[in-house]
Amino acid sequence: MILFTLRCASDHEFEAWFRDGDTFEAQAQVGEIACPHCGDTKVEKAVMAPNIGRSRDSKGPPISPAQMKAMLLAMRQQVEQNCDYVGERFAEEARRIHYGEVDPRGIYGEATNEESEALAEEGVEFGRIPWVQTDA
């Protein structure tokens with residue numbers, strides 16, 4: 001996944017996650033990316049500063065709970081747009097991808113703690129993200 005800073009025709013800047021640069025280009029070309037401020041679908045990549053990790057000693061401005069929720073909602077939107085929902089079959093489908101039984105692709109769904117532990121022991125790469133509920 002890659003994070004791009006985007007700008008709409010009204011000059012609003014926002015960030016969005018994509019599987020890769022080609023995914024951004026394809027979605028932008030057909031108007032699938034909308035500005036969260038005004039809904040404009042004419043978006044382009046904005047100039048971005050390189051994302052260089054800070055040392056553990058440096059502290060940036062604190063992130064408010066509202067900012068954190070907005071970032072998590074944006075991540076949820078990107079996951080939903082770019083990955084396949086497999087529901088409670090997540091562990092099974094992750095194994096099938098890991099062992100080459102199906103073509104690799106981004107997936108998301110639910111897994112129990114036991115299923116997650118078993119996947120980790122098998123060396124299946126996956127991540128857990130806080131799934132913030134949408135207001136809709």
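Predicted model: local features only at pLDDT ≥ 70, side-chain atom pairs only at ≥ 80, totals over all residues.
Visitor: Why are H3 and H4 called roughly parallel?
Guide: Helix H3 (residues 90–98) and helix H4 (residues 113–122) pack at an angle of about 10°. Angles under 35 degrees count as roughly parallel, so H3 is roughly parallel to H4. Their axes are 10 Å apart.

Visitor: Which residues make the contact of H3 with H4?
Guide: On the H3 side they are Phe90, Ala91, Ala94, Arg95 and His98. On the H4 side, Glu115, Ala118, Leu119 and Glu122 meet them. The cut-off for a contact is heavy atoms within 4.5 Å.

Visitor: What is the make-up of that contact by class?
Guide: Five residues are nonpolar, one is polar and three are charged.

Visitor: How do you know that Gln27 counts as buried?
Guide: The relative accessibility of Gln27 is 7%. Buried means under 20%, so Gln27 counts as buried. This residue is found in helix H1 (residues 21–29).

Visitor: What is Gln27 in contact with, leaving aside its neighbours within four places in sequence?
Guide: Phe18, Glu32, Ile33, Gln81 and Asn82 are in contact with Gln27.

Visitor: How much space lies in the largest pocket, and which residues are closest to its centre?
Guide: The space is about 840 Å³. The lining has 28 residues, and Phe90, Ile107, Tyr108, Phe126 and Gly127 are the closest to the centre. Phe90 is also one of the H3 residues that meet H4.

Visitor: Which elements supply at least two residues of that lining?
Guide: They are helix H2 (65–82), H3, strand S5 (107–109) and H4. The largest share comes from H3, with four residues.

Visitor: What is the lining of the largest pocket by class?
Guide: It has 18 nonpolar, five polar and five charged residues.

Visitor: What volume does the second largest pocket have, and what lies nearest its centre?
Guide: The volume is about 700 Å³. Of the 23 lining residues, Leu3, Glu15, Ala70, Met71 and Ala74 lie nearest the centre.

Visitor: Which element gives the most to the lining of the second largest pocket?
Guide: H2 does, with 10 residues. Strand S2 (13–18) and H2 are the elements that give two or more residues. By class, this lining has 14 nonpolar, six polar and three charged residues.

Terms used. Residues numbered from 1 in each chain as written. Heavy atoms only, no water. Axes fitted to C-alpha atoms, helices over the stretch in contact; angles between N-to-C directions. Parallel < 35°, antiparallel > 145°, perpendicular 65-115°, else oblique. Nonpolar A, V, L, I, M, F, W, Y, C, P; charged D, E, K, R; others polar. 1 Å grid on protein atoms, 1.4 Å probe; cavity = no way out; pocket = protein on both sides within 12 Å on 5 of 7 lines; lining within 4 Å. Points joined across faces, edges and corners; volume = space filled by probe spheres on them. Buried < 20%, exposed > 50% of the residue type's maximum accessible area, 1.4 Å probe, protein only.
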